[in-house]
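Keep the viewer open while you read.

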Amino acid sequence: MKKKKILSSVALAAALAAPAFAGPGLADGAAKFVGNITTGGQVRSDFGQYWNQITAENECKWGSINNAENSYNWSGCDRAYNWAKQNGGHFKFHALVWGSQYPNWIKGLSATKTAEVIEKWMKAVADHYNPMGGIEMIDVVNEAIRTGNNQYHSGYTQTNIIPALGGDTGNYEFVVNAFKMARKYFPNSILIYNDYNTVQWNKDQGIDLIQKIKKGGAPVDGYGLQAHDMMSQGGGAGGTGGGGTCLNINTLKSVVNEIWTKTQTPIFISEYDIASTNDDVQKQCYSEQISYFMENEHVAGITIWGYIYGQTWLDCNGTASGCSGIIKNGQDRKAMTWLKEYLKSNKGVNTTGLAGGTTVDPEPQTPFKGQPIAIPGKIEAEDFDIPGVGRNEDGSSNYSYNVGDAGHGNSDYRKGEAPNLYESGSGVVIGYNQTGNWYEYTIDVAEAGTYTVYAAVASANSTSSFQLSIGEKNISEKIAVPAAAQGEENYNDYNKVAFDIDLAKGKQILRLNITGDWCDIDYMDIVKKGDIDPNPIPKSSSSAEEQVPGSSSSAGEVGPGMAIHQNLDMNMDVLEDYDVFDMNGVFMGRLSAYSMDQAVETVKFGEVKFAKGVYYVRNKTTHQMQTVRFTK
């Protein structure tokens, strides 16, 4: 039995925060994120210039996704999720349980039926996102603080949500049980309780809730302070003033320190905004408050609640709509100018601990098997590049694929990544492809010239198509994918389509773009023009009845599916380095293991014992990441 290398250095976690890694935005390289929200349901094209964390303002709420019973619309939530996935950013799901913006159809349901649909809702979220790599952070319960006259911060009493989740005898049992249910479906996510007016007005009630739900056994990892109430005398969540003054910074420091001391629960500044038409006042609040949050070891990250003036939820004086925005008419307001300067000049404040706190540079995508695919040669569609990290200086992404809807494949090959991989064709194929999906492959072309592509493809849809490109240039027309026989739902009937492309000599990234819905792609043979197809599909073996997953598409050849498993077995002999971080982004040490599972096992059961909390294990080469949770 091979011996495992144990962690070489250990430090205890001081607080919970998202792990730092190179990514987009002004806070790239800092230990905690500075994020923002979608704008009108969309991710603006300039989002990655400023932010490295995203929360959908409305698109992930229960009422937005599950507005009709047994019907789910993930498109808006997916936009935010996929942006984070493709740009090296952080994503927070907002929110699972809330006494507002729930589906109207749950009104009038019995407590028993409401309990069923809540669990069905959580399971649906898990079934959709867990196969895509899971959700990093989740607002599990939103705005449930109980104030005077047994009123809650949102309309829980308008439905049977509270009795469905166990009632409330004064100890917030329904919140406790919501967290327990969430942990069942999201074992590796950071679970957060989120509420408003917790700084100025309902500080004590918020502390009481966190204390009670922790005592009740809620697996709560973080406390979200919405921080809309960060002004006095005319600003803030009420939107009653265009000027106002900033909450006294010493008062803020005292309040946050008290919240931490009494709850011992890491803090997320989850919905920060300063509603003021006065640029100087807004800048003052940002400079005093944001710098304090960034430098406070108990604050995990900051999400600003909108950045475009006129398109945020807060008004000033009832006339200045969206006055909390910090970019107005395309120009930075003074608060934004300050924020850019502060984050640029303070990379070393509360940094990751990596290499003494140096900023981690963006890392490019890499070939899946370590070397570019030689052309002439064969490209297995499932061997798209390993995603990189962040963006380059020219703004180009280091991501290697884009998939709009995941969780539909049946293959364990590249498990944990978003593309839908199926055991089909000659081994494994990319399937469930919708318009807009794309995959990239690093290739190395032996000599410039015209090449013929023989692509093995299948579809039951006569409108399916794909196209090849390099950089911004299309190098093929849209190639139609032949459909199966009319009336058949058959994605196992593979055919070859042939077309010519021109390639320059040397290494380059080839992109496969899906331009028509619902096709499966097995592989592409690329040969010099005039050469014959090296792997023709025999007519007798292209039918669903005779095609055996994992078998060869030509006699005497080892099927790609078999070769895949052989390669995975051989990889068990390759020792790789894995870095461990606490949730504040602090580097805990490095270990060597033969797989991610073995690395996680070493962290869980090795000689070094970790304090209670959540930790990240990251493959140093591939950047694959997995969480480890200690509860004792």
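Let's start with the surface: the chain exposes about 25,600 Å², and carbon and sulfur atoms supply 48% of that. Areas of this kind come from the Shrake-Rupley method with a 1.4 Å probe, and for residues only the protein chains shown count as cover. Bear in mind that this is a predicted model: local features need pLDDT of at least 70, side-chain atom pairs count only at pLDDT 80 or more, and totals for chains, interfaces and linings use all residues. Numbering runs from 1 along each chain as its sequence is written, and side-chain values use heavy atoms, with hydrogens and water left out.

**The chain overall**

Of the 632 residues, 57% are buried (under 20% relative accessible area; exposed is over 50%, partly exposed in between, with a 1.4 Å probe and protein chains only). The secondary structure comes to 12 helices and 31 strands, taken as DSSP runs (H or I of at least four residues for helices, E of at least two for strands) and numbered from the N terminus. Contacts mean heavy atoms within 4.5 Å; among those between residues at least 6 apart in sequence, 73% join residues at least 24 apart.

**The cores**

The largest nonpolar core has 141 residues, and Phe93, Tyr193, Tyr272 and Phe466 have the most contacts inside it. Such a core is a set of buried Ala, Val, Leu, Ile, Met, Phe, Trp, Tyr and Cys residues joined through side-chain atoms within 4.5 Å. Leaving out residues up to four places away in sequence, Tyr272 touches, among others, Met230, Tyr286, Phe293 and Trp305.

**Ring pairs**

Which numbers describe two aromatic rings? The distance of the centres and the angle of the planes. Rings of Phe, Tyr and Trp (its six-membered ring) pair if their centres lie within 6.5 Å; planes under 30 degrees apart count as stacked, over 60 as edge-to-face and the rest as tilted.

| Pair | Centre to centre | Angle of planes | Type |
|---|---|---|---|
| Phe93 and Trp121 | 6.2 Å | 45° | tilted |
| Tyr152 and Phe174 | 5.9 Å | 85° | edge-to-face |

Phe93 sits in strand β3 (residues 90-98) and Trp121 in helix α4 (residues 111-129), so their pair ties together parts 28 residues apart in sequence. Phe93 and Trp121 are both buried. Ring pairs also link them into a cluster with Trp62, Tyr72, Trp74, Tyr81, Phe91 and Tyr129.

Tyr152 lies in the loop between β4 (137-142) and α5 (161-164), while Phe174 is in helix α6 (residues 173-185), so this pair joins parts 22 residues apart in sequence. Tyr152 and Phe174 are buried too. Other buried residues of α6 include Val175, Phe179, Met181 and Tyr185.

**A helix with a buried face**

Now find α10 (residues 334-345): at 1.5 Å a residue, its 12 residues should span 16 Å, and the end C-alpha atoms are 17 Å apart, which agrees. The expected span is 1.5 Å times one less than the number of residues. Which residues of α10 are buried? They are Ala335, Met336, Trp338, Leu339, Tyr342 and Leu343. Seen down the axis of α10, these fall within an arc of 160°, so they line one face of the helix; the arc is that of the directions from the helix axis to the C-beta atoms. On the other side, Lys344 and Ser345 are exposed. The buried residues of α10 pack against elements including β1 (33-37), α9 (279-295) and β10 (299-304).
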